[in-house]
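Colleague: Let us go through this model together. Please start with the pocket, then turn to the disulfides.

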Amino acid sequence: MTRPFSPVVFLFLLLLPAICSATVENAADCAAVGTLISSCTEFVNYGYPDPIPGSRCCDAMTVIGTYSDSLEKRKWLCNCFMDLINVYNPNATAISTLSGFCGVVLGFTIDPNTDCNFIQ
């Protein structure tokens, strides 16, 4: 019996070319990060249910986490998250807790006060 693709896996496969070809100068590619974060909409907008590993939201965060494997990419990803926080400012706390809830290490702290230029 074949198991159907989860929506997050399908979304990842669909967005993989965009994510892999992203450059620091191309802010439009942050839309791919925003699309993945949209799996966490209920939590970001309403504060529930808490994301847990294996949920669609955490699967999306895991995909995002795989993209933070170099300093340049971490800075780019940090800037994408800062853009999301600026757009969804009332929900900045929810966005900042996603990686922690999901156990994903990004190499920087998602926080409105993070200066992405100083990421190691």
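Modeller: The largest pocket holds about 180 Å³ of space. This is a predicted model; local features need pLDDT of at least 70, side-chain atom pairs count only at pLDDT 80 or more, and totals for chains, interfaces and linings use all residues. Residues are numbered from 1 along each chain as its sequence is written, and side-chain values use heavy atoms, without hydrogens and water.

Colleague: Which helix gives the most to the lining of the largest pocket?

Modeller: The lining has 13 residues, with S39, C40, E42, P49 and C57 nearest the pocket centre. Both α3 (41–46) and α4 (56–65) supply at least two. With three residues, the top contributor is α3.

Colleague: Is the disulfide of C40 and C57 left-handed or right-handed?

Modeller: A disulfide is a pair of cysteine sulfur atoms within 2.5 Å. In C40 and C57 the sulfurs lie 2.0 Å apart. The pair links distant parts of the chain, C40 in the loop between α2 and α3 and C57 in helix α4, 17 residues apart. The S-S torsion is about 100 degrees, so this disulfide is right-handed.

Colleague: C58 also forms a disulfide. What is the relative accessible area of its partner, C102?

Modeller: The sulfur atoms of C58 and C102 are 2.1 Å apart. Buried means under 20% relative accessible area, exposed over 50%, partly exposed in between (1.4 Å probe, protein chains only). C58 is buried, at 1%. C102 is buried too, and its value is 7%.

Colleague: What is the pairing of the bonded cysteines, numbered in sequence order?

Modeller: The whole structure has four disulfides. One of them joins C30 to C80. The pairing is 1-6, 2-3, 4-7, 5-8.

Technical notes:
1 Å grid on protein atoms, 1.4 Å probe; cavity = no way out; pocket = protein on both sides within 12 Å on 5 of 7 lines; lining within 4 Å. Points joined across faces, edges and corners; volume = space filled by probe spheres on them. Helix = DSSP H or I, 4+ residues; strand = E, 2+ residues; numbered from the N terminus.
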